[in-house]
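Here are a few exercises to work through with the model open beside you. Try each task before reading its solution.

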Amino acid sequence: MNMETNKLKEVIKKWIINVDRTEELPSDIVALCFNIYEPYGIEMVGSTWFDKDDEDWACDEDFEPTQRSCPDFEISDKLEWEEVLEIVVAILKDLINELPDIKLLKVDHIAVGFTDGDLAIIK
């Protein structure tokens with residue numbers, strides 16, 4: 001990872017840790033979706049159901065943290081959306097491994113994608 005990506009990773013890590021510390025994840029939440037939007041930003045919502053063949057689960061916002069959007073999420077707007085998705089997927093995969101004690105990341109399913117696009121299932 002380059003310096004800019006490492007900086008972004010630290011921003012996302014800090015956000016996830018903060019949400020985990022300040023929010024109570026309902027016990028019925030089985031999936032998290034990290035939605036990327038333009039101009040580039042990212043938000044997190046949770047759902048009580050998941051179906052790998054039906055992405056509509058990600059539209060059910062059964063868990064909406066107070067800090068839904070990641071503050072200080074900065075990534076070059078010169079990057080194509082595919083590159084942004086690839087970077088965020090790599091960061092989240094790393095964080096799932098690096099933060100084994102974070103309740104949010106212990107949900108059964110985690111996906112990331114652009115709000116109007118296909119989801120990448122990362123867990």
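**Exercise 1. Find which residues form one aromatic cluster together with Trp81.**

Solution. Start with the cluster: Tyr40, Trp81 and Phe114 belong to it. Rings of Phe, Tyr and Trp (its six-membered ring) pair if their centres lie within 6.5 Å; planes under 30 degrees apart count as stacked, over 60 as edge-to-face and the rest as tilted. The ring centres of Tyr40 and Phe114 are 6.1 Å apart and their planes make 65 degrees, so this pair is edge-to-face. Finally, both Tyr40 and Phe114 are buried (under 20% relative accessible area with a 1.4 Å probe, protein chains only; exposed is over 50%, partly exposed in between).

A word on the source: this is a predicted model, in which local features need pLDDT of at least 70 and side-chain atom pairs count only at pLDDT 80 or more, while totals for chains, interfaces and linings use all residues. Residues are numbered from 1 along each chain as its sequence is written, and side-chain values use heavy atoms, with hydrogens and water left out.

**Exercise 2. Classify the aromatic pair of Trp15 and Phe34.**

Solution. The rule above gives four aromatic pairs. Trp15 and Phe34 make an edge-to-face pair, at 6.0 Å centre to centre with 80 degrees between the planes. Trp15 lies in helix H1 and Phe34 in strand S1, 19 residues apart, so the pair links distant parts of the chain. Trp15 counts as buried because its relative accessibility is 2%; for Phe34 the value is 0%, so Phe34 is buried too.

**Exercise 3. Work out the strand order of the open sheet, and which strands stand at the edges.**

Solution. Helices (H or I, at least four residues) and strands (E, at least two) are DSSP runs, numbered from the N terminus. Strands pair if DSSP finds at least two bridges between them. Four strands give the order S2-S1-S3-S4, with mixed pairing. S2 (41-47) and S4 (119-121) each have a single partner strand, so one side of each lacks a neighbour in the sheet. S3 (residues 109-114) pairs with S4 in the antiparallel sense over three bridges, and Ala111 stands opposite Ile121 in S4.
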